[in-house]
Amino acid sequence: MRIVLLGAPGSGKGTQSQRLVASHGIPQISTGDLLREAVAKSTPLGRAAKAAMDAGKLVDDATVLGMIRERLAAADTAGGFILDGFPRNIAQAQALEGLLADLGRPLDAVVLLDLDLKVLFKRLTGRRTCRDCGRVFNVFTAPPGTPPHCERCDDMPNLTQRPDDQEDVIGKRLEVYEAQTKPLVDHYRNAGLLRVVQADADTDTVFRRIEAAVAA
Ligand code: AMP
């Protein structure tokens, strides 16, 4: 299964990708995670990407495409993959098509996680990550204590907020989504690949909807 999970920041792409990883045994390729890892390790790529990320803007296409090209060449993607947060604009989508055509591995589907802007804003401001196990909680919808969690998860001071989840940056990220990423909805609809999933429900329900949409 080779799919793209498309959706605004906070629509649940990361959470649902992890569910798909568990049920299909294929890797999640999250450009956001790869970039955050590069920033944390302070690699040249991470240092170059940090300013754009902190401002809620897109990192330049060449950097992101280089990362994706390298990741898709890894052996664990042979059985499929879940692209999470990539592509983010039309140029990236076109580059991805070329790359996958060269590999002889075209996309099977693009799943849009559709959610109201107001809900997105609340989800993003409430998001917190456990410093120890990396599990993501939400102070409004999935507070600490919601299983599964490690011993440190329930300790609020041990939970961190992503720098780009601050309110002022969230506004910018949603703006960038509307202007640059949303045109991909029509792009993939025209290509006959788009499946729309209503993401305004609990994690299990949304997961079942995704599975049904991909199988359809
Ligand atoms: P995410 O975790 O997907 O919300 O991504 C966090 C940040 O990483 C975004 O706000 C961008 O600054 C950057 N980023 C992630 N994926 C991409 C991409 N495909 N193209 C450009 N920038 C990206």
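**Ligand shell, sheet and helix packing in a predicted model**

Me: How many residues surround the ligand, and which are the closest?
Reply: This is a predicted model in which local features need pLDDT of at least 70, side-chain atom pairs count only at pLDDT 80 or more, and totals for chains, interfaces and linings use all residues. Residues are numbered from 1 along each chain as its sequence is written, and side-chain values use heavy atoms, with hydrogens and water left out. The ligand is surrounded by 16 residues, and the closest are Thr31, Arg36, Lys57, Val59 and Gln92.

Me: Which helix gives the largest share of the shell around the ligand?
Reply: Helices are DSSP runs of H or I with at least four residues, strands are runs of E with at least two, and both are numbered from the N terminus. Four residues of the shell, the largest share, come from helix H2 (residues 31-40).

Me: What share of the ligand's exposed area does the protein bury?
Reply: A polar side-chain atom of Arg36 lies 2.9 Å from an oxygen atom of the ligand. Backbone N or O atoms of Val59 and of Gly85 each lie 3.0 Å from a nitrogen atom of the ligand. With accessible areas from the Shrake-Rupley method (1.4 Å probe; for residues, only the protein chains shown count as cover), the ligand taken alone exposes 480 Å², and the protein buries 96% of that.

Me: With which side chain does the side chain of Arg162 make a polar contact?
Reply: Arg162 is placed in the loop between strand S7 (159-160) and helix H7 (167-181). A polar contact is a pair of N or O atoms within 3.5 Å; within protein, one must be able to donate a hydrogen and the other to accept it, and residues adjacent in sequence count only if both atoms are side-chain atoms. At 3.0 Å, the partner of the Arg162 side chain is that of Asp164.

Me: Which strands stand at the edges of the open sheet?
Reply: Five strands form this sheet in the order S2-S3-S1-S4-S8, with parallel pairing; two strands pair if DSSP finds at least two bridges between them. One side of each edge strand is left without a neighbour in the sheet, because each has a single partner strand: these are S2 (28-30) and S8 (194-198).

Me: Which residue in S4 is the bridge partner of Leu5?
Reply: Strand S1 (residues 2-6) and strand S4 (residues 109-114) pair in the parallel sense over four bridges. In S4, Leu5 has as its bridge partner Val111.

Key
Near = heavy atom within 4 Å.
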